[in-house]
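I am opening a notebook page on this model, and I will write down what I look up in the order in which I look it up.

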Amino acid sequence: MAVSETTEKVALIQSDAVAFGVIMAVLGLIFYTSSRQHGFWHKFYKHIPALLLCYFVPGALNSLGFFTADAGDNIYHIASRYLLPASLFLLTLSIDLKKIFGLGWRALAMFFTATVGIIIGGPLAIWLFHVISPEWVAGDVWKGMSTVAGSWIGGGANQAAMKELYNVEESLFGTMIAVDVLVAEIWMIGLLIMAKKSDGMDKMLGADNSKIEDLKRTVEKYTRENERVSYLNDYMIILGIAFAVVGLGHLMGSWLGPFFGQFDWAKEYSLDSHFLWLILTATFAGIGLSFTRTREYEHAGASKIGSVFIYVLVASIGMKMNLGEIYHNWQLFFVGAVWMMIHIILLFIVAKAIKAPAFFIAVGSKANVGGAASAPVVAAAFHPSLAPVGVLLAILGYAVGTFGAYLTAEMMRMVVAG
């Protein structure tokens, strides 16, 4: 009797608990090395974003056979169903709409122009390549691109929400992460150059940047007023509220998902999805409570806790990726580049029309494309005191990211469907 052969590889790590320990150690090591202010690591992270490593180091370990498929699935399920909605709530909770409106209408105009550029840029790029080379954007590519929209409008939490909502296949998602980071980082270089030449660009745009000085003083005052020492009570209350909202989100999903599941038109737009109502509940709860005293817990570290949850989610996604599959979709980098060009062109057209300073172009764009991680970096390139402006606008991006990405995805779906 012949002995049957199998090509299935046995994972090095069989335990979910050990696998979780490994990815947390990886995250700790990445953040430790990225915090170095001198030497090799300081230079390394000038070129390689820490976020990219948080995806790709677990992905590399998975590709090398470290984790079982079950480990990745189990850890990701916990992260996506509990940590993701909690992070969306905590990041959205810190929105101060009065302060954001106080930045001036041009700042908000450029932020929303950047958002619109991404929302329409995705479908236009898909349409262009659907005409030129339809095989490049055939099949489920639009679903993968929805995760880029989530990242470029909001951030990692919104990206993960789109991945889960549209059930994006892991190897395609790995490519989309690469498209997201590569295209965004190229544009980041352009923005930093813009910061060095902002006076000349303001002259070219016919912009009056006198409001920027007022903005600097406003931001400095806001920062001083909200400094606070955090205590254990703060962290317990923050976590208590966050996971109470997560529980409410699951409850709403269990009610509304089956209700809309009765209608064919609702299924077409994923309104029967338990997960959709989970993340919508978390986001709306964050926006609603941002008008109450609950928002003050942002000063005790609410968004930092939310960011921790995102990075755990990011690593759990990486555990499910096979990096060797990325080369199968290399052409999608061109789609992403065209998408970004549409975003940039629209920004400059509107900036010229409303005479917005280069600062508002840069921070409005990165508040979308880069989020809270890189928007303050770009803002600080213009002036250190302006870094919180990037954070404020990026937080607004978290609120609109899921809705904007969902709209983008549905338009891309219609383009591909003809």
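Entry 1, the whole chain. I counted the secondary structure elements of this predicted model and found 19 helices and 0 strands in the chain. I then looked up burial, and buried residues make up 54% of the 418 residues. For the surface, I noted that the chain exposes about 19100 Å² and that carbon and sulfur atoms supply 66% of this area.

At what angle do helix 1 and helix 4 pack? I found about 70 degrees between helix 1 (residues 16-34) and helix 4 (residues 69-93), with their axes 9 Å apart. Angles from 65 to 115 degrees count as roughly perpendicular, and helix 1 and helix 4 are therefore described as roughly perpendicular to each other. Their crossing is right-handed. From helix 1 the contact takes D16, A19, F20 and I23, and from helix 4 it takes D70, A71, N74 and I75. Sorted by class, the residues of this contact of helix 1 with helix 4 are 5 nonpolar, 1 polar and 2 charged.

I next looked up helix 3 (residues 50-63) and helix 15 (residues 302-318), whose axes come within 7 Å and cross at roughly 35 degrees. The crossing of helix 3 with helix 15 is right-handed. On the helix 3 side I listed L51, C54, Y55, P58, G59 and N62, and on the helix 15 side Y311, V314, A315, I317 and G318. Which classes of residue make up the contact of helix 3 with helix 15? I found 8 nonpolar and 3 polar residues, and no charged ones.

I looked up N167, a residue other than glycine whose phi is positive, near 55 degrees. N167 sits in the loop between helix 8 (156-165) and helix 9 (170-196). Is N167 buried or exposed? Its relative accessibility is 66%, and exposed means over 50%, so N167 counts as exposed. K355 is not a glycine either, and I noted a positive phi of about 60 degrees for it. K355 is placed in the loop between helix 16 (332-354) and helix 17 (358-369). With a relative accessible area of 46%, K355 is partly exposed.

I looked up G286, which belongs to helix 14 (residues 274-289). The relative accessibility of G286 is 0%, and buried means under 20%, so G286 counts as buried. G286 and L88 are 198 residues apart along the chain, yet their C-alpha atoms are separated by 7.6 Å. Leaving out residues up to four places away in sequence, G286 touches F89, T92 and L93. I then turned to F112, found in helix 6 (residues 105-132). F112 is partly exposed, with a relative accessible area of 37%. How far apart in space are F112 and L396? From C-alpha to C-alpha I noted 9.9 Å, for two residues that are 284 apart in sequence.

Methods. Residues numbered from 1 in each chain as written. Predicted model: local features only at pLDDT ≥ 70, side-chain atom pairs only at ≥ 80, totals over all residues. Heavy atoms only, no water. Axes fitted to C-alpha atoms, helices over the stretch in contact; angles between N-to-C directions. Helix = DSSP H or I, 4+ residues; strand = E, 2+ residues; numbered from the N terminus. Left-handed = near helix turned anticlockwise from the far one by under 90°. Contact = heavy atoms within 4.5 Å. Nonpolar A, V, L, I, M, F, W, Y, C, P; charged D, E, K, R; others polar. Buried < 20%, exposed > 50% of the residue type's maximum accessible area, 1.4 Å probe, protein only. Areas by Shrake-Rupley, 256 points an atom, 1.4 Å probe, with all protein chains shown as cover. Parallel < 35°, antiparallel > 145°, perpendicular 65-115°, else oblique.
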